[in-house]
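Visitor: I am new to this structure and would like a guided look at it. May we begin once it is on display?

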Amino acid sequence: MSRRKLPILDTDKPSIIRQAFYPRLVAFFGDTGMGKSTIIKNLVRHLTSSKAFDVPIVGSRAEAQNSTSAGVHIYMDPDTFRHERPIVYVGMSNTTAHQTQPVISIQPDLADEVIFERALKNKPQPISSMPLPWAEHGSKSWRSVVSEKIYPRFLYIFSDVVCYVSGNSRTAEDDMAQLVNWAHDAHDFTTNQGVKPGLLYIINQDNHSNLEEWRDVEYATKCVLEKLRKSKRFVTEQELWSSRGRKVVTADHLLRCYYSSVKVLFIPQFLPKDPICEANDLWKQYRLLYREVSGLSWSSSEHRKEARVLFNLETLSRHSIGVLQQLAADPTSSVDLRKLAEPAQAYPCGFNGHVLNILARFQETEPKDHRASEQDIGAEEALIRKIFKYVAICVAREIKRTALVDRGSELGQIEYYTQKWRLVLEDFSRTRCRCEQMYHGQRCTNYRLFHVKGHQFDRKGRENFLEGPFVSSFLDTLDSLQDELAAKLPQFLRKSVTTAELTRELWYNAKICDAGRIFSNRTCLACLSRTPAHTLPCNHSICDLCASALNSHKCHGEQSIVIPQCPLGCEWPSLPNWTIRRKPSEAGVRILSLDGGGVRGIIQLEILQSIAARVGHNIPIQELFDVIVGTGTGGIISLGIFKKEWSIQDSRGRFHTLIKAAFSKRSLLKLLWPIPGGSASAQIMLNYLYKSEELESALRDTFGNEETLFGCPTINKQAPNKVAIIATGEEDDKSFLLTNYNREWLIKDDESRNLRREERPQDELKIWEVARCTSAAPTYFEHYRHPATDHIYRDGSMESSNPILFADSERQLLWPDISENSRDILVSIGAGYSSGWNGDTKQDSVAPKAFKPLEQMGLVARLATLRLVQQNTSSCQEAWASFKRSLADNPHSLEKCHRLNVPYGRGQTLCKLDEVSKLDAMQAEASAFLQQTSNSLDPSIQAYNSAKLDKIAHQLVASLFYFQVRDAYDLDDYKYHCTGRLYCRLSTSLIQQGASLINTGKPRFRVSEEENLEGEEITFGQRGWEYNDFSISASFDALVYAKNGVRVQVTFVGWEGEWEDISGFPRKFKRRGRM
């Protein structure tokens, strides 16, 4: 037996696709010479004349190396190219083609976009291969084996429309028989296939005397199907389907057993010298063909969406590889589409989504020994009854918590949740309920939502199909289960008057149903209604509202939550309680954004050190920011300082070690590096300049090998810093965030919200893996494939070298209430830029000019990627300027948003992203500039930057203080009185730093409005501060008619009369009437 290889679509090559989309696949089959490529070309050409969408034609000398007679080729439809669901034409060779490696050909757009590309246009090459251990040696060419056994099944599974191209209507009987043969195995051995592809039988370049009649789709379909009905194959299929319990009367009935719809379309032959039809008639048929393709593929796409098997490009690519691997190992194996669809389910939101998510987790933990036997019948009802009281208690806690806030009376809420519960049960029956039909001791493998074809059984090599509808005893229990919740909720609410009593009931019932063994990163296990925000020592995660309800020590202005035990009953034998720090609701948001920049990241560390030194009082940098977003090197620095909580000094040492280990040159690069242009040449010749193994080893040594980014920390402390790292995915360069926090998902949200979170804690990325993901800059390092999920990650700098927009957006998404998300301060830190003596930006050269013409030819696709990486790096300043322009009409925001960077002026050269040899010199120049001792820049520029650093430090110190209002009431028509407490939000463990800030800094506060700029100064006695939570009572009067609200400001000794807003101000207070 030979070890033949199956070439497959490669997912490891870099591509530049700007938009995530859900492709509609239209597959073309047919013998060589029937005109598949011609049809695809004409479908494309009737919409556009752009060469970017050209289709190579067999026999064209210009496309000699892009033969369409072998392999699988993919082409984009111009009309839907930028649509969320573009049409993708897939051309497949016939079974008699000569042995040629299949490739996916590249088609570069002249407008600097790359359309669905895979390899270099001028040199098709095998991209990846798989062994075919079952293929017989010498019996057929490997191309025939693959075309007969694998590609038809593969495309039947994923295609929305199958187009078979024939050149003669007289062969229709044989062609239809071939279509039935191809579909038979794919149909019978693909389970939970909620959508079957549509079939278009295209008669191309045939001439009929009655052309007018054959142009009509209905007439052509009727004629061709009549030929099939009279064939011997039809009789054979009739008998087969009769034995399965389905009556097949017509040819249309037969084909609809395998396809969702059947249509025949005729395209006449056009000969200019001897025309039997007008050219316009030909184009009418092509327009008709396009309408049919578009309509059928859209209908199929909609059905896929309803069946929850609509895959985006990234997911489709990953599943394609998995299915091809499976079929390459065994072409007769069964493919379960439900298993493919389940990992791609949307993030849960609302009560319905979260309860369904937890039901799925419970199902996964049930014993699987008897899943295929009669012993598993009724398992769905048993599961629901097992966890029924647990769910009911969660609902009762929600009703008690929101009775006076959200949804009115308890009776109204009981009715509300009862209806929601019914929807959950119905959705559960559709998506999680398996058919109970038995056949020869086997249970039907299809679930209700996917039970389109009938019953299917796992009986390899034997009859595995049976006609019949979905069967389940669970459907008969829906009414009773709904009524039980309506009866139980009033009982629980009467029995447990307080939320604390309901929490004890939750603990007890969670123990009974063993909910403690369920873990979810997407659903709060204490309410089943929201996304979890806090992880407990036992690795269970709960939302912020549930954490607040469990809080046993309400102090420090809502900044700290103390949880005595897990609501699911887990034991914490080594911990008396668990403390969680969070941003107080009445404090604003402090934001830090760190650019990417390779070795230039050392500049950011120098800037952060300068900020910390000016803040003083030995206050850690981690206490000064709430949201930190970084990409590339900025992401690595964010992880080290704000997730691992390293000091800046420690981070500098680790950064030096990591960079030198990561950028260890490959042997070819060592030879080319000293030559002018050698680095760019190496990037053309090598897929990646540096070995991933060296980088990964260095990251493991730096960050450790086990700790995950999101999840339980190793000590009884959770830093309030919310850290987000930018990365990109497998197929498109649409950036998303890898975070150490969660935020709520709403029904209207989709992937544009950009946050990635795995459902299972064991699937979460480790910290070193996140650093690896954001380091995978194209042409420098290979992408990272996560072993637990098989997801591919790349550097986020492809789209967002300056993550400022992500950072500011997270402020609003994390705290949607505008009263909680005011921007205290935003600091964007760059990684250096080339400048003149006066600090003005100079444009860096991004690639040798000699290579630029080659990009237009598509000869060097990697060079185009390299240019994009470097252009993005040099555009950070432009991104900041654009962001500032968006704030032009908001002067308060402008004065709180800052950009810090280090210019490299006269006599200085900004090093390349990987120029490790200049690391120390870069650091020295950055330090000199920040200390105003640089000789390469105008002293006035250095003085201006120093003043900006002082301003930032003052605003950061001021934002440590916030005001928690207790009461606000009108004094008269012009003034109102406000009372409450002022807090310093330093950690209560930083007693010395807090005491130094208050006792040495001697803060003074004042109240002002735009209408009263001088304000009223509030004086506090030094003895008034409570050092256990750094707070002091405060009260003040303010103007009722202040247009932009009141400002509470602070100044310190040494600030020379400068006043800055404390956190959360300017602010408007809700007031009650006069006393």
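This is a predicted model: local features need pLDDT of at least 70, side-chain atom pairs count only at pLDDT 80 or more; totals for chains, interfaces and linings use all residues.

Visitor: At what angle do helix α18 and helix α20 pack?

Guide: Helix α18 (residues 601-615) and helix α20 (residues 648-662) pack at about 170°, and their axes are 10 Å apart. The two are therefore roughly antiparallel to each other. Axes here are lines fitted to C-alpha atoms, for helices over the stretch in contact, and angles run from 0 to 180 degrees between N-to-C directions. Helices (H or I, at least four residues) and strands (E, at least two) are DSSP runs, numbered from the N terminus.

Visitor: Which residues make the contact?

Guide: Contact means heavy atoms within 4.5 Å. From α18 the residues include I602, L605 and L608, and from α20 they include I648, R652 and F655.

Visitor: How many of the residues in the contact of α18 with α20 are nonpolar, polar and charged?

Guide: The contact has 6 nonpolar, 5 polar and 2 charged residues. Ala, Val, Leu, Ile, Met, Phe, Trp, Tyr, Cys and Pro count as nonpolar, Asp, Glu, Lys and Arg as charged, and the others, Gly among them, as polar.

Visitor: Let us change topic. How many aromatic pairs are there?

Guide: The count comes to 36 aromatic pairs. Rings of Phe, Tyr and Trp (its six-membered ring) pair if their centres lie within 6.5 Å; planes under 30 degrees apart count as stacked, over 60 as edge-to-face and the rest as tilted. F351 and Y417 are edge-to-face, because their ring centres are 5.3 Å apart and their planes stand at 80°. F351 belongs to helix α12 (residues 350-365) and Y417 to helix α14 (residues 410-431), so the pair links parts of the chain 66 residues apart.

Visitor: Is F351 buried or exposed?

Guide: F351 is buried, at 8% relative accessibility, and Y417 is buried as well, at 2%. Buried means under 20% relative accessible area, exposed over 50%, partly exposed in between (1.4 Å probe, protein chains only).

Visitor: Which residues form a ring cluster?

Guide: Ring pairs join F961, F1005, W1025, F1052 and W1055 into a cluster.

Visitor: And what lies over the face of Y447?

Guide: R338 does, at 3.7 Å from the ring centre. Likewise, R244 lies over the face of W241, at 4.8 Å from the ring centre. A charge sits over a ring if NZ of Lys or CZ of Arg is within 6 Å of the ring centre and within 35 degrees of the ring normal.

Visitor: Where is I591 found?

Guide: I591 is in strand β21 (residues 589-594), and it counts as buried at 0% relative accessibility. Leaving aside neighbours within four places in sequence, the contacts of I591 include F625, A807 and R823. The C-alpha atoms of I591 and C897 are 9.2 Å apart, although 306 residues separate them along the chain.

Visitor: Lastly, which residues does a cis peptide bond join?

Guide: F1065 and P1066 are joined in that way, with omega about 5°. P1066 is placed in the segment after β38 (1060-1061).

Technical notes. Residues are numbered from 1 along each chain as its sequence is written. Side-chain values use heavy atoms; hydrogens and water are left out. Angles under 35 degrees count as roughly parallel, over 145 as roughly antiparallel, 65 to 115 as roughly perpendicular and the rest as oblique.
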